[in-house]
Amino acid sequence: AGVALRLADGRLFGGFLIESCAYNPTLPPLQVAVVNAIAQGALRSLDDINEIALVELARAKVSFARATYFSNKRVYVMHAFRA
């Protein structure tokens, strides 16, 4: 799964699932994208996020659609199919 954030200034930042076999330290795509934007000095407030896009495999065993919800933010969920 992967997430793209579009900030108020138009810049895009991405994140993807970082999985751990212990499960607890697993980082969901949205969290990784937010940390990426913060680490690059672009995101000072969550209010700067205009849109969120989540892409994940259709019929995947785990879905991040519910975990990628922000109130009053546009969230686009796209499902990819394996060939």
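This is a predicted model: local features need pLDDT of at least 70, side-chain atom pairs count only at pLDDT 80 or more; totals for chains, interfaces and linings use all residues.
Q: What about β3 and β4: in which sense do they pair?
A: Here it's parallel, over seven bridges, with β4 covering residues 74–80. For instance, L54 has V77 as its bridge partner in β4.

Q: Why is E51 called buried?
A: Buried means under 20% relative accessible area, exposed over 50%, and partly exposed in between (1.4 Å probe, protein chains only). E51 has 18% relative accessibility, so it counts as buried. This residue lies in strand β3. Leaving aside residues up to four places away in sequence, E51 touches A4, L5, R6, R74 and Y76, where contact means heavy atoms within 4.5 Å.

Q: And why is A33 called buried?
A: Its relative accessible area is 0%, so A33 is buried. You'll find A33 in helix α1 (residues 29–39). Again not counting residues up to four places away in sequence, A33 touches V3, L5, F13, G14 and G15.

Q: Which residues of α1 are buried, and what covers them?
A: P29, L30, V32, A33, V34 and A37 are buried in α1. Their cover includes β1, β2 (12–16) and β3.

Q: Why is R59 called exposed?
A: R59 has a relative accessible area of 73%, so it counts as exposed. R59 sits in the loop between β3 and β4.

Q: What makes the phi of R59 worth a look?
A: Phi of R59 is near 60°, a positive value in a residue other than glycine. Most residues other than glycine have a negative phi. There's also a glycine to look at: just after α1, G41 takes a positive phi of about 75°.

Q: How do you know that the radius of gyration agrees with a compact globule?
A: The radius of gyration is taken over C-alpha atoms, and the globule rule is 2.2 Å times the number of residues to the power 0.38. For 83 residues a compact globule would come out near 12 Å; the chain has 13 Å, so the two agree. Along its principal axes, the C-alpha trace spans about 35 × 25 × 25 Å.

Q: How many of the residues count as buried overall, as a percentage?
A: Of the 83 residues, 31% count as buried.

Q: What share of the contacts links residues 24 or more positions apart?
A: Among contacts in the chain with a separation of 6 or more, 44% come from residues 24 or more positions apart.

Conventions
Residues are numbered from 1 along each chain as its sequence is written. Side-chain values use heavy atoms; hydrogens and water are left out. Two strands pair if DSSP finds at least two bridges between them. Helices (H or I, at least four residues) and strands (E, at least two) are DSSP runs, numbered from the N terminus.
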